[in-house]
Amino acid sequence: MRLRHPDGQTVHVATVVSVENVKDVRALLKTLDARVVPQRQRLFADVLSVSLRLGPVLAATLASSLGLRQRLRHELATRRLEVVTLDTGPDVTPSDGSWRTWWMHTLDLARVLVDLLPEDSAHGSISTTLPRSVVPALTATGDEADAETDSAADEARRELREREWQVATRLMADLSGGLTEIAWHTGRLVRVAIEAAPKTLITGSQDVVRLLERADPARIGACLSAAQLADAKESPAQALTRLRRARLSVVKLRLGHHADDDLTAVARSMLAAVLGGVHAGCDHLEVNGTEELDAARDELSAVGLDGAADRPMPGVGRAG
């Protein structure tokens, strides 16, 4: 769904389609026909934006075949579906535990996305969580007899975690370079949105800032959600202030239909902080289904997003 911000910028609201276990294009199309096309028809939407959660196997297959990407783009258009954003899903632990595997998968998604973008969209986004940390949480038993052992173990964990941070920050710089190369070859920009998640290095905006200290802020930024902000005990204003001071942007917002009143209040505050100003601070939003899309419409309207937008327009929060 395309909405128009008061500044004239188009904001894309995409429905997540979980196809992590789909291995080929034919199976992907069958899934779209069974689960997504009926939703578009029920919503009376001329075009429905979808965010595909592609697994590593299909992503690598598509990334290596221009013909398959062109076929998929044609089939999406035939079904009146458009893709401006992809999603790696909430659990991105590579089968071999390798950060390099995660990095390759993310770049494969970027190569796929540039050929799926609509003609009138010059940029796309990929939201991702990091691989799970290999370092267990620091523990202490409180038993004096074990205190010395615990201290030595904790020190070893700290050193291991610091090495993990060094690998992660280096890979973010490498990822920036890969995204720049894709943009140079295709003329289309894909940005990556890093989302906090349990058992990863990233628990809040302060970790995003540390992670991206060597990355290109035009290529990589943050993905925010009400649940993540609540877990980090951060207000949307605090997170935005920290990101802006580091010259980092919000690349994607993840919306949800929250039964918890506190989470609902955080979500409203997040939308108001990012989209309620003179300019839109983000132009890619994601919901987990059409029910969430229905629930979010009133909230989106409250911050000035309304009506269908025929063509994307430039504005703060998008490149191009």
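Me: What makes strand E6 (residues 189-195) count as mostly covered?
Reply: Of the 7 residues of strand E6, 7 are buried. Buried means under 20% relative accessible area, exposed means over 50%, and partly exposed lies in between, with a 1.4 Å probe and protein chains only. Helices (H or I, at least four residues) and strands (E, at least two) are DSSP runs, numbered from the N terminus. A word on the source: this is a predicted model, where local features need pLDDT of at least 70 and side-chain atom pairs count only at pLDDT 80 or more, while totals for chains, interfaces and linings use all residues. Residues are numbered from 1 along each chain as its sequence is written, and side-chain values use heavy atoms, with hydrogens and water left out.

Me: How do you know that both faces of E6 are covered?
Reply: In a regular strand the side chains alternate between the two faces of the sheet. On one side of E6 sit Leu189, Arg191, Ala193 and Glu195, and on the other Val190, Val192 and Ile194; all are buried.

Me: Which strand is joined to E6 by 6 bridges, and which by 4?
Reply: Strand E5 (residues 123-128) is joined to E6 by 6 bridges, running parallel. Strand E7 (residues 220-225) is joined to E6 by 4, also parallel. Two strands pair if DSSP finds at least two bridges between them, so both counts meet the rule. Ser127 stands opposite Ala193 of E6, and Val192 stands opposite Ile220 of E7.

Me: What makes a right-handed β-α-β unit with E6 and E7?
Reply: E6, helix H6 (residues 205-211) and E7 make that unit. A crossover is right-handed if, with the strands pointing away from the viewer, the path from the first strand over the helix to the second runs clockwise. Another right-handed unit is made by E2, helix H1 (residues 25-42) and E3.

Me: Which strands pair with E2?
Reply: Strand E1 (residues 2-4) is joined to E2 by 3 bridges and runs antiparallel, with Leu3 partnered by Val11. E1 and E2 form a hairpin with 5 residues between them, and Gly8 in the turn has a positive phi of about 95°. Ala14 faces Glu286 of E9, and Val17 stands opposite Leu52 of E3. Strand E2 (residues 10-19) is mostly covered too, with 9 of its 10 residues buried.

Me: Why are Trp99 and Trp102 called an edge-to-face pair?
Reply: Rings of Phe, Tyr and Trp (its six-membered ring) pair if their centres lie within 6.5 Å; planes under 30 degrees apart count as stacked, over 60 as edge-to-face and the rest as tilted. By this rule there is 1 aromatic pair. Trp99 and Trp102 are 6.2 Å apart centre to centre, with 75° between the planes, which makes them edge-to-face. Both lie in helix H4 (residues 99-114), 3 residues apart, about one turn of the helix, and both are buried.

Me: How do you know that Arg100 sits over the ring of Trp103?
Reply: A charge sits over a ring if NZ of Lys or CZ of Arg is within 6 Å of the ring centre and within 35 degrees of the ring normal. The charged end of Arg100 is 4.5 Å from the centre of the Trp103 ring. Arg210 lies over the face of Trp165 in a like way, at 4.2 Å.

Me: Why is Pro118 called buried?
Reply: Its relative accessible area is 13%, so Pro118 falls under the cut-off. Pro118 lies in the loop between H4 and E5. Among the residues it touches are Arg2, Glu82 and Arg188, where contact means heavy atoms within 4.5 Å.

Me: And why is Phe44 called exposed?
Reply: Phe44 has a relative accessible area of 77%, so it passes the exposed cut-off. Phe44 is in the loop between H1 and E3, and its phi is near 55°, a positive value in a residue other than glycine. Most residues other than glycine have a negative phi.

Key
Lists of a residue's contacts leave out its neighbours within four places in sequence.
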